Amino acid sequence: MNDALMSLIDWHAHPRRVIASGGKIITPGDTVDTLLLLERGTARSSDDTSCTKGEILLLCEALALSQYQTAITAIDECHLISFEQTVLRRMLVKGGEMVWPLSRSIAAEVTKRRLAS
């Protein structure tokens, strides 16, 4: 995750949860209203992409879609920080009014290409 973005959010103010090894973190059909930062552990997506510490899981899908299309499963015990998408939006618009719509547009293109392959 980009250090600049990481510094914009007070991560201590958000709830945490732990998912055991083999547990489902994100299931297709879950709404993108809540985003998850992988604080500790490793996970894998259904398209065989590794997820590592410091990553906001399925960020492009969260910005581009209303529901997740890709599953994420814990490889080992995963510690997650959950936060509302509105928190990310408030932080991004601090960079200018166009940052949020541009971020969503870029994410939509990336997601469309990834899901098509």
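Leaving aside its neighbours within four places in sequence, which residues is Ser45 in contact with? They are Cys51, Thr70, Ala71 and Ile72, where contact means heavy atoms within 4.5 Å.

## About the model

This is a predicted model, in which local features need pLDDT of at least 70 and side-chain atom pairs count only at pLDDT 80 or more, while totals for chains, interfaces and linings use all residues. Residues are numbered from 1 along each chain as its sequence is written, and side-chain values use heavy atoms, with hydrogens and water left out.

## The protein as a whole

Let's start with the overall picture. The protein has 4 helices and 7 strands, both taken as DSSP runs numbered from the N terminus (helices are H or I, at least four residues; strands are E, at least two). Along the sequence they follow the pattern α-β-β-β-β-β-α-β-β-α-α.

Of the 117 residues, 37% count as buried, meaning under 20% relative accessible area with a 1.4 Å probe, protein chains only. Among contacts between residues at least 6 apart in sequence, 75% join residues at least 24 apart.

## The four-stranded sheet and Ser45

An open, antiparallel sheet is built from 4 strands in the order β2-β6-β4-β5; two strands pair if DSSP finds at least two bridges between them. β2 (24-26) and β5 (50-51) are at the edges with a single partner strand each, so one side of each has no neighbour in the sheet.

Strand β4 (residues 43-45) is joined to β5 by 2 bridges, and Ala43 has Cys51 as its bridge partner in β5. Ser45 also belongs to β4 and is buried, with a relative accessible area of 8%. Its C-alpha atom is separated by 14 Å from that of Ser21, 24 residues apart along the chain.

Another open, antiparallel sheet has 3 strands in the order β1-β7-β3. Here β1 (16-19) and β3 (34-40) take the edges, each with a single partner strand, so one side of each is left without a neighbour in the sheet. From one strand to the next, the twist averages 35 degrees.

β1 and strand β7 (residues 78-84) are joined by 4 bridges, and Arg16 has Ile81 as its bridge partner in β7. Helix α3 (residues 85-93) packs on this sheet, touching β3 and β7, and its direction makes about 70 degrees with that of β7. Axes are lines fitted to C-alpha atoms, for helices over the stretch in contact, and angles run from 0 to 180 degrees between N-to-C directions.

Methods
Buried means under 20% relative accessible area, exposed over 50%, partly exposed in between (1.4 Å probe, protein chains only).
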